[in-house]
Amino acid sequence: MNKVCITGITGQTGSYLAEIFLQNGYDVYGLIRRTSNFNTQRIEHIFDDINLSYGDLSSFSSIQKFIQETQPDIFINAAAQSHVRVSFDVPEYTMDTIAMGNIRCLEALRINSPQTRYLHAATSEMFGSAPPPQNENTPFHPRSPYACAKVCAYYSTINYREAYKMHASNSISFNHESPRRGHTFVTKKITKAAARIKYGLQDKLRLGNLDAKRDWSHAKDIAHAMYLIVTADKPDDYVIGSGKAHSIKEFLEIVFKKLDLNWEDYVVFDEKYLRPTEVDVLCSDNTKIKEKLFWEPEYSFEQLIDEMIDHDLKEARNEKLIRDNV
Ligand code: NAP
Ligand code: G4F
């Protein structure tokens, strides 16, 4: 049986990657951090089907041990301090775990298992202020410590491919969301708040810049594209995105309207959610992955929003029942 190692398996994308590899007959191994609270909610449904080891991207020895013990066919580095705003507060930690963490994975593989295929989860944030649409040839102009760290990790991955002939690739993913999205990212913050407002559990939603535009996909579609990239014959770098951009304001309008609410009655501007440098518009040109790997997304923007709202309405309803002691 083929073996895949996934860092960030407890995260949004890592959990969908684990499902896809299981469906394709792989033995799945995940690296998880020890935390004071459970961090395995997103993988509880597949807990008995996967193998987990403790480790951290800040520790070379833990990554090396993970690789030596599993000898994987594929290694996907999907772990990161992935919050752009937070990266301005903890730039050194963000840089260490993303840029150095990626080098630690590559170096541990080069020494112990150089034939293993590698995929680094790079990001559209690397394009920063470069005008849209952005594709594989667009020059980077990163606008946050997170994006700077990802640019370093992106080029390190290419360098290991060129220097050591490793099968090392980058997925350059645009924003991806799902019911499993972390609660401090803007889409999840909006769908969760709208559902709680509907059930009378919340009366205000505090947000920052509503004018930025993002290219939002379903995380399942992005994870599928990552699977195609790492299992392709040749290593390469691919932009993954829907090719359509919407503003935060549009997202707000759609979500609140679906719940018969007017977002302007609830949203409050809070400058603490602004970033020192913002990325105004991200919109992918996804021609390469569609033509070379025949990737097609399954979910539309509307379907993504509907799935997130349905999930958050159920959670809000349960919260309300518990609160009302029913
Ligand atoms: P996420 O939900 O924030 O998950 C991040 C994962 O990384 C979690 O499993 C987390 O563990 C783990 N992690 C964080 N720091 C770590 C460390 N020092 N050592 C080991 N593990 C660590 O992120 P995501 O949305 O799934 O994104 C997956 C990857 O794609 C990330 O590299 C992200 O930067 C990149 N990316 C995401 C998007 C997007 O829109 N979602 C777009 C482009 C690229 P805990 O569960 O313990 O916190
Ligand atoms: O949801 P966000 O925090 O996502 P952002 O910054 O685009 O980063 C995400 O996508 C990247 C891919 O392009 C990933 F690499 C990264 O790991 C992450 O998954 O913010 C989206 C936009 C920004 O313009 C932000 O300023 O929403 C704006 N925003 C407005 N109010 C807010 C808020 N963002 C957050 N998180 N919280 C707010 O209250």
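This is a predicted model: local features need pLDDT of at least 70, side-chain atom pairs count only at pLDDT 80 or more; totals for chains, interfaces and linings use all residues.
Local features need pLDDT of at least 70 and side-chain atom pairs count only at pLDDT 80 or more, whereas totals for chains, interfaces and linings use all residues. Residues are numbered from 1 along each chain as its sequence is written, chains are lettered from A and ligands numbered from 1 in the order in which they are written, and side-chain values use heavy atoms, without hydrogens and water.

Seven strands form an open sheet with parallel pairing, in the order S3-S2-S1-S4-S5-S6-S11. Helices (H or I, at least four residues) and strands (E, at least two) are DSSP runs numbered from the N terminus, and two strands pair if DSSP finds at least two bridges between them. Strand S3 (51-54) and strand S11 (237-240) are the edges, and each has a single partner strand, so one side of each lacks a neighbour in the sheet. On average, neighbouring strands of this sheet are turned by 20° against each other, direction ignored. Strand S1 (residues 3-7) pairs with strand S4 (residues 74-77) in the parallel sense over four bridges; Ile6 has Ile76 in S4 as its bridge partner.

Helix H1 (residues 12-23) lies across S1, strand S2 (27-32) and S4, and runs at about 175° to S1. Helix H2 (residues 60-70) also packs on the sheet, where it touches S1, S2, S3 and S4, and its direction makes about 165° with that of S2. Contact here means heavy atoms within 4.5 Å; axes are lines fitted to C-alpha atoms, for helices over the stretch in contact, and angles run from 0 to 180 degrees between N-to-C directions.

H2 has a further helical partner: its axis and that of helix H4 (residues 91-112) come within 9 Å and cross at roughly 40°. Residues Phe60, Ile63, Gln64, Ile67 and Gln68 of H2 meet a set in H4 that includes Arg104, Ala108 and Leu109.

The largest nonpolar core has 33 residues, of which Phe21 and Ile76 touch the most other members. Such a core is a set of buried Ala, Val, Leu, Ile, Met, Phe, Trp, Tyr and Cys residues joined through side-chain atoms within 4.5 Å, buried being under 20% relative accessible area (1.4 Å probe, protein chains only). H7 gives the largest share of this core, nine residues. Ile76 touches, among others, Val4, Leu17, Phe21, Leu119 and Met226. Apart from this core lies another of 23 residues, among them Trp216, Ile248, Leu252 and Trp263.

Conventions
Buried means under 20% relative accessible area, exposed over 50%, partly exposed in between (1.4 Å probe, protein chains only). Lists of a residue's contacts leave out its neighbours within four places in sequence.
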